[in-house]
Amino acid sequence: MTKIASQHAETGQFAEALETANNIEDTNNNPKALAKIAGILTEKGQFAIALETVKMIEDDYKARALVEITSKYAKATLKPSQEAIDLL
């Protein structure tokens, strides 16, 4: 299901990606899928949605996703929002 969620995100079907990820009952794969989706959203410039997605992650994948988002903000030469700074 993680792969399906990622495929939805890659094709711009963000709502479907999140729904699929949230339906993953495995506590190891759910945060992994959400982190992957957050990364894809960031790559597509959807920083606000990526941050909202990160809020759903409840383990160490949250930190990984935040690092990826922060890195992409820097590459895009965008100033991180206060919300992103607060999450860090």
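In what order do the elements of the protein chain run from the N terminus on? Switch to the cartoon view and follow the chain: the answer is α-α-α-α-α-α. That's six helices and zero strands. (Helices, H or I with at least four residues, and strands, E with at least two, are DSSP runs numbered from the N terminus.)

Two quick notes before you click. This is a predicted model, where local features need pLDDT of at least 70 and side-chain atom pairs count only at pLDDT 80 or more, while totals for chains, interfaces and linings use all residues. Residues are numbered from 1 along each chain as its sequence is written, and side-chain values use heavy atoms, with hydrogens and water left out.

**Stop 1: the whole chain.** (Accessible areas come from the Shrake-Rupley method with a 1.4 Å probe; for residues, only the protein chains shown count as cover.) Of the 88 residues in the chain, 38% are buried. Buried means under 20% relative accessible area, exposed means over 50%, and partly exposed is in between (1.4 Å probe, protein chains only).

**Stop 2: helix H4.** Select residues 47–54, which make up H4. Now color its buried residues: Phe47, Ala50, Leu51, Thr53 and Val54. They sit on the same side of H4, because they cover an arc of only 160° around the axis. (The arc is that of the directions from the helix axis to the C-beta atoms.)

**Stop 3: tyrosine 61.** Move on to helix H5, residues 61–75, where you'll find tyrosine 61. Is tyrosine 61 buried or exposed? It counts as buried, because its relative accessible area is 18%. Leaving aside residues up to four places away in sequence, tyrosine 61 touches Asn28, Pro31, Lys32 and Ala35.

**Stop 4: the salt bridges.** How many salt bridges does the structure hold? Two. (A salt bridge is a side-chain nitrogen of Lys or Arg within 4 Å of a carboxyl oxygen of Asp or Glu.) Select lysine 55 and glutamate 52 for one of them, with the closest N and O atoms 3.2 Å apart. Lysine 55 is partly exposed at 40% relative accessibility, and glutamate 52 is partly exposed at 40%. Then pick aspartate 60 and arginine 64, whose side chains meet at 3.3 Å, N to O.

How values were computed:
Contact = heavy atoms within 4.5 Å.
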